[in-house]
Amino acid sequence: MAVERSEPTYRLALPEPTTSFEQDAEYCVLDLGQGWTEYRFHDYAALYEIPGLYEKLFYDILQCQSPPVVCDALVEQLRAEGVDPAGVRALDVGAGNGIVAQEMRSRGIGKVVGIDIIPEARAAAERDRPGVYDDYHVVDLTALDDERREAVAGGGVDVLTCVAALGFGDIPPAAFRAAFDMVAVDGFVAITLRDDFLTDGDTSGFAGLISSMLDSGELEELGATVYRHRLATSRDPLLYRAVVARKRRPRG
Ligand SMILES: C[S@@+](CC[C@H](N)C(=O)[O-])C[C@H]1O[C@@H](n2cnc3c(N)ncnc32)[C@H](O)[C@@H]1O
């Protein structure tokens, strides 16, 4: 399960920190030996194909800390609620190449199933962290037939994680809702969201969805913390909120 990190076979550069970009327009340039090419940070399929690039860019250079922050918060709440992490089956949505699953496993979570919308993510997880997922489904959560839903959720979902993947053209509210509906009553939800997605001025749709779930009693917040998700290419901090909550009843 350990990740082998060899020396990169590419050159990587970021824009000058004096320029700021919207988060979904951030990019880097890469030279794989044939000249510089621009890669948007959201070109996940292209980034995952280059071993070690995702970790180099987001973790080494831009100092991402979301996976350990949210997994610490999740395990703290599981223990506070008297739940043994070893008996838990987690569904990790927007799983990418498995960093969140690795963090959960290292904290004793028993089973982890991954979901991503692109096959390159599953291929990268199998390459970079073989065995970290018990199962990994490449699916669009908003277009699941009964057979796929049963394949994903049939074993029960005690914990839903979604880290650095909500909004910004990634996972839309409807896909999050579909994943949430698979969680067992009294199951846990551990997510990260850009802090301003939970304010009144939010246009992502998440503030409305989460506050309606809280207001209706479907969801009970156990804990939340604002933290630095990572640096932007401007080197300014990007503030996110990690929320751990408990599903208290099925959708009405
Ligand atoms: C920034 S990466 C985060 C990966 C991982 N959670 C981590 O923290 O390292 C966002 C991931 O969400 C996935 N994604 C985007 N839209 C999605 C959707 N509608 N359903 C499932 N996964 C999606 C992307 O393919 C990508 O792997």
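Residues are numbered from 1 along each chain as its sequence is written. In this predicted model, local features need pLDDT of at least 70, and side-chain atom pairs count only at pLDDT 80 or more.

**The sheet.** Let's begin with the strands (DSSP runs of E, at least two residues; helices are runs of H or I, at least four). Seven of them form an open sheet with mixed pairing, in the order β6-β5-β4-β7-β8-β10-β9. Two strands pair if DSSP finds at least two bridges between them. β6 and β9 sit at the edges with a single partner strand each, so one side of each has no neighbour in the sheet. β9 pairs with β10 in the antiparallel sense over 11 bridges, and E220 stands opposite R246 in β10.

Contact means heavy atoms within 4.5 Å.

| Helix | Strands | Angle |
|---|---|---|
| α5 (residues 119–128) | lies across β5 and β6 | about 160° to β6 |
| α8 (residues 206–215) | touches β8 and β9 | about 155° with β9 |

**Helix on helix.** α3 (residues 66–80) and α4 (residues 99–106) pack at about 40°, with their axes 9 Å apart. The two are therefore oblique to each other, a label for angles that are not under 35 degrees (roughly parallel), over 145 (roughly antiparallel) or 65 to 115 (roughly perpendicular). P67, P68, C71 and L74 of α3 meet I99, V100, E103 and M104 of α4.

Technical notes. Side-chain values use heavy atoms; hydrogens and water are left out. Axes are lines fitted to C-alpha atoms, for helices over the stretch in contact, and angles run from 0 to 180 degrees between N-to-C directions.
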